[in-house]
Amino acid sequence: MNVFDRYSLKLSVYICAASLSLLCSSNAEIKPDFSPVKGELSVIAHSPASSGKYIGSPSICILPDGTYVASHDYFGPKADHVKSPETVVYRSTDKGKTWEKAAEFPMFWGGLFYHKDALYIMGTCRGDCVIRKSTDGGKTWTEPTNTSNGLIRKGRYHTSTTNVLFAQGRIWRAMEVDNLMLCVFSIPENKDLLNGANWERTKPIEFPQELKSKIHNAWLEGNAVERVADGKIFNILRVNSTTDDIAAMVEVESIGMFEVINKNSLFIRLPGACKKFTIHYDPETKKYFSLTNWIPESMRCVVKEATGNPYGVERTRNTVAVASSTDLENWKVDYIAFQGPDPLTQAFQYVDWAFDGDDIVVASRTSWFDGEAQAHSTHDANFLTFHRIKDFRKSSGKQKAK
């Protein structure tokens, strides 16, 4: 299936509701019960399953003044993300307790980041790779009208809200192009980010044909990460797989050229890596952290018994675990950050996150009962939720990974 069509699957049974609009956490009409979920949680946005517009691409960024900015887009049968993509931006001035809508514009798969007194969001629009800039904290944004004002490259690009890396005086951002061929964009930090001519792009590389199998057949949603020990840049990608813990690790040898590390060591073990994840480096612990949809054995058994499918791991997304590594190649689950009790209807997925002192703040594409109906599926989310993982470096007192 073409990845650009995968969010537009026709539904055989569909209930259409009239005049439904986006509902925020302050709206008294929705009464979701998130009490089974441990930790701080608030609703940023809500889009009922009956609307046919599902919430995707959660992103979060912290501004220097302490304001939180979050964003999401829409996919689904009533969201034409190919011709008319929609991204919505929200702001919180009380550390995530309440949120207000700040802006809306055409974009898909957009990820937020801050650089030199400005907020940016980089993603796609009708297939093109684009970037927008805001100098007022996310309230107003530039329009990517041409190659000197935000249109980086025309084409058929794919991405998600994976990390933006600042390393070696450059900004790095992984994407995929055409049939999920990986590539990385890079630009010197002191250049105009809206000028497409300033961005360099690596040569696209497709998933090696000789490595395709029934277990894994594609890579996507890559993270540009620097290995601090030797300064090497890698693209670490989710692998479309029937197992729960395979990721791909590809070295960016130099801007403009890729080198696959080794055919035998292309894959690494990262628990939960068959679903989207984001990696950030913590200088205090000298560790890399990721939040993943790792599946505890008990949850895997529930899915198997209910569906008869022992490999139903890709849509099992009700657990968010904190995983860490000292070298990018060897990962372990430290503890469960938060979890829904039902892996068949509940999901916290595609989470984007940022360090906030001793805490981690999270934006999640969430599937949950909203007081009237379930989400259309675990994949087709009806909420954008905010979470805080307190004292993330300490595993004591946290739910152990079993």
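1. K101 and E104 make a salt bridge in which the closest N and O atoms are 2.8 Å apart. The model is a predicted one, and the structure holds 22 salt bridges. K101 counts as partly exposed, with a relative accessibility of 45%. E104, at 41% relative accessibility, also counts as partly exposed.

2. K101 has a place in a strand pairing as well: in strand 5, K101 is the bridge partner of Y90. Strand 4 (residues 87-92) and strand 5 run antiparallel and are joined by five bridges.

3. What is the order of the four strands in the open sheet? The order is 2-3-4-5, with antiparallel pairing. Strand 2 and strand 5 (100-105) are at the edges, and each has a single partner strand, so one side of each has no neighbour in the sheet. From one strand to the next, the twist averages 25°.

4. A further salt bridge pairs R170 with E200, where the closest N and O atoms are 2.9 Å apart. R170 belongs to strand 12 (residues 170-177) and E200 to strand 14 (residues 200-201), so the pair ties together parts that are 30 residues apart in sequence. Is R170 buried or exposed? R170 counts as buried, because its relative accessibility is 17% and the cut-off for buried is under 20%. E200, at 35% relative accessibility, counts as partly exposed.

5. D358 forms a salt bridge with R393, and here the closest N and O atoms are 3.1 Å apart. This pair links distant parts of the chain, 35 residues apart: D358 is in the loop between strand 24 and strand 25 (359-367), while R393 is in the segment after strand 26 (383-389). D358 counts as partly exposed at 44% relative accessibility. R393 is partly exposed too, with a relative accessible area of 25%.

6. Strand 15 is largely enclosed by the rest of the structure, because 11 of its 12 residues are buried. Strand 15 pairs with strand 16 (residues 232-241) in the antiparallel sense, over nine bridges. Within this pairing, V225 stands opposite F234 of strand 16. The hairpin of strand 15 and strand 16 has four residues between the strands, and in this hairpin G231 takes a positive phi near 75°.

7. Which residues lie nearest the centre of the second largest pocket? They are N163, V164, F166, H280 and A354, from a lining of 26 residues. Strand 2 (54-62), strand 6 (108-115), strand 11 (165-167), strand 15 (216-227), strand 20 (278-282) and strand 24 (347-356) each give two or more residues to that lining. The pocket holds about 600 Å³ of space. By class, its lining has 18 nonpolar, six polar and two charged residues.

Technical notes. Residues numbered from 1 in each chain as written. Predicted model: local features only at pLDDT ≥ 70, side-chain atom pairs only at ≥ 80, totals over all residues. Heavy atoms only, no water. 1 Å grid on protein atoms, 1.4 Å probe; cavity = no way out; pocket = protein on both sides within 12 Å on 5 of 7 lines; lining within 4 Å. Points joined across faces, edges and corners; volume = space filled by probe spheres on them. Nonpolar A, V, L, I, M, F, W, Y, C, P; charged D, E, K, R; others polar. Pairing = 2+ DSSP bridges. Axes fitted to C-alpha atoms, helices over the stretch in contact; angles between N-to-C directions. Salt bridge = Lys/Arg side-chain N within 4 Å of Asp/Glu carboxyl O. Buried < 20%, exposed > 50% of the residue type's maximum accessible area, 1.4 Å probe, protein only.
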